[in-house]
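Please look at the sequence and the structure shown here.

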Amino acid sequence: MSTSKFQVVVVGGGPAGSSAARTLAAAGIKVCLIDRSVFPREKLCGGLLTLRSKKAFETVFKTDWSPVIRAVSRGARFYFKDKLLNSVTDYKDIFFTCRRDYDAFLVELARKSGATIVQGHAVQAIDLKRSSLALADGAEFQYDFLIGADGVNSQVAKTVFGRAFDQKQIGFGLEMEVPVPAEAAPINEPEIYFGLLDWGYGWVFPKGNTLTAGVGGRLKSNPHMRETFEDFLRQRFGRLPSAKIKGHFIPFGEFRRTPGRDRVLLCGDAAGLVEPITGEGIAFAMLSGFYAAEGIAEALATAQPAAALEFYQRRYSAIAEAFQQANALRYLLFPKPCQRLLSKVLPHSDSIPRRHMDLMADELSHGDYVRFLVKNTGRGMVKVLRGRAGK
């Protein structure tokens, strides 16, 4: 059995893991990135990238991401079930990628920075006492620090905390990649659908010659999610497309307040970092991977290895604050009475969809967005009632 020693081992080669590995390698720290898949590999994801994502990518990888961007939009369309409520055009950039291409691109950037990449070998066991992990092929890796970036079903999180997520809080998503007929009119803007699910929403994202259609929400509130999704597909496309429906768990507001223990740090989906309002995960994955790496680098630079989690937590607190506010915001957007109210107010407001895009662009805080919604939904309802009274 072969044994390799690294200062840091990162498990998971998605945006969080690649961000951590790239940052550590660029700092001259000996790091190994391990993933059970061989890149490029398929990854179920809508592939929407916000201006927040772009800023995070440029901070971490310091290069241009245009080689893996499939489409760019400057607006969005908002629906309640099948009714168009409002739309925004020519406002803020939204980007779309294929995760197969995007993740492989990031892994390669980590490799070019000096990270050792081990692909196609699953982690079989993690021994926290010995600071080692074993792969299915028998290889063993010893580490000073371990970063778990291995997704919502994180083996690292299970090893540290006994479970990866709370079954009562987890979300679930269903998606289909729908080919666009050559004769069809192009779709240039993402479509967001409220009213389809309890505590969730649906989407259609443009990807050039395909559309990514999906629904996602709290699992326990939607026992018939597949039937709902199939009805949505029939309504949106006039038929049930023949492409395959795929599903995956989504961390839904249950992010980890303390993202690790001792010298084991968690980031990305392994830390529950999927924002429940916009569904954004890629930006927070990259940021958390970057912060975890910076925390380890600071611990090594100051000869305080036991303080790595503390140094990471200081940086992570900015993400935690945003997620706490997003969790509170769920109660203004997802309950059925609130969605019905939104469906009445949104057609009469130009500012609400624009502020939503400002939130996605990281130009408006979640707290300010909450205050804006409370204030403007009240005003909007007054306008609706006045309009009815005038009829």
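Is F249 buried, partly exposed or exposed? The model is a predicted one, and in it F249 has a relative accessibility of 29%.

A search of the whole structure gives 21 aromatic pairs. In one of them, the ring centres of F165 and F249 are 5.3 Å apart and the planes make an angle of 40 degrees, so this pair is classed as tilted.

A second pair is formed by W199 and Y331. Their ring centres are 5.2 Å apart with the planes at 75 degrees, so the arrangement is edge-to-face. This pair also links distant parts of the chain, 132 residues apart: W199 lies in the loop between β13 (191-194) and β14 (200-206), and Y331 in helix α7 (residues 308-333). W199 counts as buried because its relative accessibility is 12%. Both W199 and Y331 belong to a cluster joined by ring pairs, whose other members are F96, Y201, W203, F205 and F334.

Rings also lie under charged groups. The charged end of R354 sits over the ring of Y91, at 4.6 Å from the ring centre. For R263 the ring is that of F145, and its centre is 5.8 Å from the charged end.

Helix α6 covers residues 282-301, and its 20 residues should span 28 Å at 1.5 Å a residue. The C-alpha atoms at its ends are 28 Å apart, which agrees with that expectation. Of the 20 residues of α6, 15 are buried, so the helix is largely enclosed by the rest of the structure. Just after α6, A303 adopts a positive phi of about 55 degrees.

What is the average pLDDT of the protein? The average is 89, and 95% of the residues score at least 70. Residues 380-391 have a pLDDT below 50. Beyond near neighbours in sequence, that stretch has seven contacts in the model.

Conventions
Residues numbered from 1 in each chain as written. Predicted model: local features only at pLDDT ≥ 70, side-chain atom pairs only at ≥ 80, totals over all residues. Heavy atoms only, no water. Phe/Tyr/Trp six-rings, centres within 6.5 Å; stacked < 30°, edge-to-face > 60°. Buried < 20%, exposed > 50% of the residue type's maximum accessible area, 1.4 Å probe, protein only. Helix = DSSP H or I, 4+ residues; strand = E, 2+ residues; numbered from the N terminus. Lys NZ or Arg CZ within 6 Å of the ring centre and 35° of its normal. pLDDT = per-residue confidence, 0-100. Contact = heavy atoms within 4.5 Å. Expected span 1.5 Å × (residues − 1).
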